[in-house]
Amino acid sequence: METSRKRLLFSLALVFILNIALILLAQSAQAATYRQGSSGQAVRTIQEKLVRWGYFDGPVDGLFGARTEAAVRAFQEKNGLAVDGIVGPATLRALGMSSGTGSSSSSSAQDNDLALLARVISAEARGEPYSGQVAVGAVILNRVSHPSFPSTIAGVVYQPGAFTCMVDGQIDQPVAESAVRAAREALNGADPSGGAIYYFNPNTATSGWIWSRPLIKVIGNHRFCA
């Protein structure tokens, strides 16, 4: 009898723990996903970013309505994301927001941009002259401002086929200190590339098309082009 009672108590405790775990998982998933009907500070932050980048002209009220959904869809289409009008983990990342909390302060978003930009500079221009590292960062930022590219740093970096380092694994290598400095300088407006939106190494380039781009200048092993 005592053994059966212990087994029953153990089973009940296990069910209770599993239920709590499922509730926490559901809450976590909900916190990282925003759609029509959602509200709060995270939605307000999403709206602020969409207004800043020209996708949304409605009220920044923290209410996820039809106009916010339309703006999200436009942002997703421009940034190569699944166009569903739902702000999930991938869209949050492209917005420069944390997928864990669904919100971010302006300073944390800037920190995320700096870290990602430095990582790409380090992977793409490690060993290049410092001005060439800044120029690579400037190219990424020039693309953000260009109508033919995604309008966020994350969107540009994660655009399929845009950067070799995203394919060959160099993006995961340790970040050089000089790349962090170069990223800061590029974010502060420095542009040794002369306004370039492309660059390539002529010794390793495999695309014939890239040679058709008008040359702006050469820095180190990279040709920077319009």
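Colleague: Which residue in S3 does Tyr 198 stand opposite?

Modeller: Keep in mind that the model is predicted. S1 and strand S3 (residues 222–225) run antiparallel, joined by three bridges. Phe 200 stands opposite Arg 223 in S3. Tyr 198 stands opposite Cys 225.

Colleague: In S3, what is the bridge partner of Leu 215?

Modeller: S2 and S3 also run antiparallel, with four bridges between them. In S3, the bridge partner of Leu 215 is Cys 225.

Colleague: What is the order of the three strands in the open sheet?

Modeller: Bridges join S1 to S3, and bridges join S2 to S3. S1 and strand S2 (215–219) each have a single partner strand, so they stand at the edges, with one side of each left without a neighbour in the sheet. The pairing is antiparallel, and the order is S1-S3-S2.

Colleague: Which residue in the hairpin turn has a positive phi?

Modeller: S2 and S3 form the hairpin, with two residues between them. The phi in question is about 60 degrees. The residue is Gly 220.

Colleague: Which elements give two or more residues to the lining of the largest pocket?

Modeller: The largest pocket has a volume of about 720 Å³. Of its 27 lining residues, the closest to the centre are Glu 124, Ala 162, Thr 164, Tyr 199 and Phe 200. The elements are helix H5 (106–125), helix H8 (165–168) and strand S1 (198–200).

Colleague: How many residues of that lining are charged?

Modeller: The lining divides by residue class. It has 13 nonpolar and nine polar residues. The charged ones number five.

Colleague: Why is the pair of Trp 53 and Phe 75 stacked?

Modeller: Seven aromatic pairs are counted in the model. Trp 53 is in the loop between helix H2 (41–52) and helix H3 (66–78), and Phe 75 is in helix H3, 22 residues apart. The ring centres of Trp 53 and Phe 75 are 6.0 Å apart. Planes under 30 degrees apart count as stacked, so this pair is stacked because its planes are at 15 degrees.

Technical notes
Residues are numbered from 1 along each chain as its sequence is written. This is a predicted model: local features need pLDDT of at least 70, side-chain atom pairs count only at pLDDT 80 or more; totals for chains, interfaces and linings use all residues. Side-chain values use heavy atoms; hydrogens and water are left out. On a 1 Å grid over the protein atoms alone, a cavity is a set of points where a 1.4 Å probe fits but cannot get out, and a pocket is an open set with protein on both sides within 12 Å along at least five of seven lines; lining residues have an atom within 4 Å of a point. Grid points are joined across faces, edges and corners, and a volume is the space filled by probe spheres set on the points. Ala, Val, Leu, Ile, Met, Phe, Trp, Tyr, Cys and Pro count as nonpolar, Asp, Glu, Lys and Arg as charged, and the others, Gly among them, as polar. Two strands pair if DSSP finds at least two bridges between them. Rings of Phe, Tyr and Trp (its six-membered ring) pair if their centres lie within 6.5 Å; planes under 30 degrees apart count as stacked, over 60 as edge-to-face and the rest as tilted.
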